[in-house]
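Dear colleague,

I am passing on the structure we spoke about, together with some notes on its contents. Please read the notes with the model open beside you.

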Amino acid sequence: MEKEITVTLNGVAKTVTVEPRLLLVHLIRENLNQTGTHIGCDTSHCGACTVLLDGKSVKSCTILAVQANGKKISTVEGLLQADGTLAAIQEAFKENHALHCGFCTPGMMMRAVELLQKNPNPTEEQIRWGISGNLCRCTGYNNIVKAVQYAGAKMRGDKLPSTEPIFV
Amino acid sequence: MIPAAFDYSAPSTLSEALALLKQHGDDAKILAGGHSLIPMMKLRFASPGHLIDINNIPGLSYIKEDGGFLKIGAMTREVMLDESDLIRSKYPIFSDATKLIADPQVRNMGTIGGNIAHGDAANDHPAVMLALRAEVSITGEKGTRNVPIDEFFFGFYSTAVKAGEILTEIKIPIPAKGSGGAYHKLERKMGDYATAGVAVQLTIDKGTCTQVGIGLTNVNATPLRASRSEGVLKGNKITDALIEQAAQFAAQDCSPSPDLRGDEEYKRAMVKVLVKRMMHKAIDRAK
Amino acid sequence: MIQECKTSKAISGMGHSMKRKEDGRFIQGKGNYVDDIKLDGMLYMDIYRSPYAYAKIKKINIDKAMKVPGVVAVITGKDLEKYNLHWMPTLMSDTQMVLPTDTVMYQAQEVAAVIATSRYAAADGVEAVEVEYEVMKPVMDPYKSTAPGAPVLRPDKKGKTDNKIWHWEVGDKQKTDKLFATAEVTVKEEIYVPRIHVASIETCGCVADYHKVNNHLTMYMTTQAPHAIRTVIALVAGHVGLTEEKIRVISPDIGGGFGGKVPVYPGYVIAIAVSFLVGKPVKWIEDRSENLQADSFARDYHITAEMAGTKAGKIQGIRFKVLADHGYTDASANPSKFPAGMFSICTGSYDYDTAFVEADAVYTNKPPGGVAYRCSFRVTEAVQGIERITDRFAQTIGMDPAAFRFKNFIKKEQFPWKSPTGWSYDSGDYELALKKAMDVIDYAGLRKEQIEKRKKGEIMGIGICSFTEVVGAGPSKDFDILGIKMFDSAEIRVHPTGKAIARFGTKSQGQGHETTYAQIIAEELGIPAENIQVEEGDTDTAPYGLGTYASRSTPTAGAAAAIAARKLRDKAKKIAAYLLEVSEADLEWEPGVFFVKGAPEKKKTIQEIVFASYTNHPQGMEAGFEATHYYDPPNLTFPFGSYICVVDIDKETCEIKVRRFVAIDDCGNIINPMIVQGQVHGGLTQGIAPAMYEELIYDDDGNILNGTFMDYLVPTAVESPSWETGHTITPSPHHPIGAKGVGESPTVGAPPAIANAIMDALSPYGITNIDIPITPYKVWKAMKEKGAVKGV
Amino acid sequence: MRTTIEKEFELEQPIAKVWEYLSDPTKIVECVPGASLTEKIDERNYKGQVTTSFGPVKASYNGEINISELDQTNHKMVLVGKGVDSKGKGSADMTMNGSLVDKDGATVVKFIMDISISGMLAQFGARLIKDVSEQLLGQFVNNFKDKLSGKEVDNTMSGSSMMGSVLKSTIGGLFGGDKK
């Protein structure tokens, strides 16, 4: 039996009729055509599908679209600031070479957004634990850690750390 | 991976949910955090005809001390436990456990009630509950009944929650002064099920162990209380030799199954190591 | 600064850590991966797979599936057989079923494809497919595969009476056997390099879009080698009218490849067949389990490694024997002449002249494959063998593993060095790299600490790996895939305003080609890299090339870019001479400008010259500013490095913590240090993965036991250490820009460094080898066997 | 994925009676959790169905049962069951060796079960197969005891209360810690 649901995706209210079994990630990608959120594992282990649901980072492959009824969904497409400039986390990922293939990046950034909201100045260990629900197969995580630190500094208004690669 | 079709209700009261459960019988399943159920449905191991989503029922999510108990609503999410000042300051055993449950996103959805009601010996809260000697409140049509945790887990995915009932609250007797607890599990990597996990909660009064609970994760068909271990500790002055004995009993009394995490022998040995470590950590915290 | 820069930051040629040009779309969610493609009228395909590893198909009943709302077709092997599309070649000239007509050969093999109007309906259709099997006992152990009485797994191959695929050998057997019979010291170790999976976060998939009216196929697919795929499709489907000019392969953004997106999988072929038959676009996207269970594996080499030498610590020779488990079919992607890839690089970084290496490949009832997972064709296996046996030898004679390596390294002045298995190493300075790594990590201090720790009963180990890689396949005299020579290509077009577009036969899967290729051209032409648009992955527009894998993009396409740019610079010089009214001999070049010797104010910028090539070029000269080059490398390149790893092991739980890991790489000249470092970081995490976490595990009945990310343990940021990386620079003498390629060095070098560290830690207990992945459980069992830990 | 489990227990009833029940597939099957016979092919071969249910997970198997050994004199029997998941996702094979020994008028019953599963359950359920098998065998034993003592046996797997009572007495026995 299909259900009518209303969600606010990146600030825009959308009303859609869906099967109860429709996964949130498919609602976002297929019904609402925002393909920045990816599917990597289907079993809630990789985090590529991470979005914010009422501000909390969740894995949209393991949530039903009907569960999002009445809620706010934020995806990578909603990260840009109102003036069209990059959000701190986006700038940080680019400046610190925190992405290679880009497939895990949207989920990783959405997770980092919540992490920084809760802890604006995380240690390396807190970042590593904080992104432990997101797999990246390309970067080896070093630069993702660096990027989250950079974004934290930017959001706090602190001096930005160097983005030059450090070689031993 | 896509689940089979089902019907869905999102009741806004508990009585509505119970009525739906009665109406749909065995074909209905309760949807709490969903992070055990939905993957099973996506793999099509589970194909319930009706999901009753209890996420919209107010009043099932709280952490409070009341009437000598720490009371936790069944729909309290792991993240709330993780971030609660009350839990952090007075019940660090929970913080030990929650930070090892899956990952941050899953903890944003996963509920303590779901973790327990799923009846999986690999989940982490059951051992903690055993250590804390919790009681579980189960609500049905005819009201709410309390079940001691020792009578809760029956078998694989099988608990004291009967058809037509919903787990609604967890009640933990507030530990006396001089209590401490700790939990740890060995895992192959972040978010894995435990190779072995041990929860210890104890009370020390003038050097004597007056109360102790030891729960074991994923080394038995059901979450297991290490009764013999508790027996050697309770009422006695804790010595290294006694801890060694308790650890040995726990390792002997569990019944681990071999899997990719290790064989039976290894898992027993890990239980022994962890009991010792958690004992020491709990004793430190009791100070 | 790690690499000297000849250009300004504004130009950003080689050596600049230019921020990546491709990142803009990815950080805004505007990448275009194959599952993002939606076409009008598109159908969805989902695949029913075999639950058994080896079984006869008695009956396939599609009736219930056809009744599922939305299902439009269910395709079986019998359906494809009508069009002779039920078999396809592998890249190794073996054969593989597209869909079976009678027997399934591995668990998760494709059995039937369900086509539906939605993803959900297709999945429901798969659930409703009913197949009756007669289950047979599978062959899961490669050693048993060739034992008497084993069933012949490939009766489809005429005359086949056993399960051997090929035998390959190199080196001097007689000389080697003689050495081993007489050497002072010989050591031997069985080293298994486990079956693993690339597990790129994006799985494989495609959209096949066949237009009946035009008889034209556009194939959007996750491929690292679009041109080769186009040719393969033409070879498979030419007989039904899909000839090569009617095929356009588009490889959109790829979410990680690592070698797993080189092969042709049955799903692609079925999607094409269905689109061809129904005239509508068909999308097929794997889920993670399908990806892990059915797509090509990597490694799975059983190596018997032996080393002979003197008591004083001089290596004299090696003897390696390999059993390769290829599963159901040899679906590797090796160069044709090299069935064991470049495994013969297993003589390593050491100076000796005697070696014999042989390999046998066999069929089993495991999924097919043998892809070069972030590895230049079996180099990872080779390095695991040589670097482990090197440590074993040093340990046996009681010599420090670093001192032992220094004693045996090929010296800087010995290059080019001819290896006993026939390679010509281009350049190297192995001593410098190891010395640098030891200095950075304070090797001497660590050894002291280790002595103290051991006194206290604590377990700590230090492991070294000094690897030599061989990449950049390859020279056309030796290297081809299905007969196509392994050159690669670049085409540069500079527009009148001095901005350029460059196209390549390779395909980035995250390596940053859009940035690094632009930097190579910027270096050569002085056009700012920012103004050079790089395109790959569309066979209609890009020049033919063999694709991106085996660290070959920089050595081949990168060289092609440099040479094509140099052709343009030659043309620019002619135009500049014409414009400045001087002879070419009077001109000098600095990045972006030709000026008159002794009169630097008389100059023409590259932008002015390009504009003139369209508006005011010398009479008789061809107008425009374009060049293409197909680069045929004269030799392979030989990157190398020294890695040192420090581990601490919990003496009760045997949990292993990588405390520090220093990687010193030498990949020749560096195009973009930031990107090179990123590649190293990523490769190191893909190195710790098989060293400590990942392995595809099957039971005797052929069931995979870890076919999801729940049990296939891809490391998270918590398992992955904070990597410390650095470089030495020894340019390749034969490469146009002196570069060697780097993508795979860390994947190759990290596992032996970690394994050596763990085995170093455990050496006091008499434990000499544990196969990777080395888990706490395996360490505990080994310790238990030696009485170092107790059971209950 | 294979596992072997063993169970030994004592019954008050004499060996002849226990053997009568053990050797009769129609009686035995009524004790197997979730099982029913659908067709008798001959004295030794039957067709049947097993439906199991664990929490939200339900699986149904169609299978054949063959009594491959029936040794009246030594009171030994071997029962081979082969089942195919009704959705075609895999199969489960089971060989059960049952033997009886007289002990002062009572009977010692010993079961050894070799279980092998293939397909999806083996892939995803590896960590559970032993526990689940033991649980099922435990239920079977309890049902068998009940049946012998003339009690009504409900071997469907619907009522979790039934599972509960059974499991408390079997698995629950371990709480005492008398192992080892």
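**An enclosed helix in chain B**

The buried residues of H8(B) are His125(B), Pro126(B), Ala127(B), Val128(B), Met129(B), Leu130(B), Ala131(B) and Leu132(B), where buried means under 20% relative accessible area, exposed over 50% and partly exposed in between, with a 1.4 Å probe and protein chains only. Because 8 of the 8 residues of this helix, residues 125–132 of chain B, are buried, the helix is largely enclosed by the rest of the structure. Arg133(B), which follows H8(B), has a positive phi, near 50°. Helices (H or I, at least four residues) and strands (E, at least two) are DSSP runs, numbered from the N terminus.

Please keep in mind that this is a predicted model, in which local features need pLDDT of at least 70 and side-chain atom pairs count only at pLDDT 80 or more, while totals for chains, interfaces and linings use all residues. Residues are numbered from 1 along each chain as its sequence is written, chains are lettered from A and ligands numbered from 1 in the order in which they are written, and side-chain values use heavy atoms, with hydrogens and water left out.

**Chain C against chain A**

Here 68 residues of chain C are in contact (heavy atoms within 4.5 Å) with 55 residues of chain A. The area buried between the two chains is about 5,000 Å², with carbon and sulfur atoms giving 56% of it; buried area is the accessible area, taken with a 1.4 Å probe, that two parts lose on being put together, summed over both. Of what chain C buries against chain A, Ile27(C), Tyr120(C) and Ile201(C) supply 17%, more than any other three residues.

The rule finds 5 salt bridges across this interface, a salt bridge being a side-chain nitrogen of Lys or Arg within 4 Å of a carboxyl oxygen of Asp or Glu. Arg137(A) forms a salt bridge with Glu694(C), and their closest N and O atoms are 2.6 Å apart. Several elements of chain C each supply at least two residues of the side that touches chain A, including helix H1 (23–27), helix H4 (119–128) and helix H17 (673–693). H17(C) provides the largest share of that side, 11 residues.

**Chain D against chain C**

This contact takes 17 residues from chain D and 15 residues from chain C. About 1,200 Å² is buried between them, and carbon and sulfur atoms give 39% of that area. Met1(D), Gln123(D) and Phe124(D) supply 39% of the area that chain D buries against chain C, more than any other three residues.

Across the interface of chain D and chain C the rule finds 3 salt bridges. Asp701(C) forms a salt bridge with Arg2(D), with the closest N and O atoms 2.7 Å apart. Strand S6 (90–103), strand S7 (106–119) and helix H3 (120–124) of chain D each supply at least two residues of the side of chain D that touches chain C, and S7(D) gives the most, with 4 residues.

**Cysteines**

Over all chains the structure holds 0 disulfides, a disulfide being a pair of cysteine sulfur atoms within 2.5 Å. Cys104(A) is in no disulfide, and the nearest cysteine sulfur, that of Cys136(A), is 3.8 Å away. Cys104(A) is buried, with a relative accessible area of 8%. The sulfur of Cys346(C) is 13 Å from the closest cysteine sulfur, in Cys375(C), which is too far for a bond. Cys346(C) is buried as well, with a relative accessible area of 0%.

With best regards
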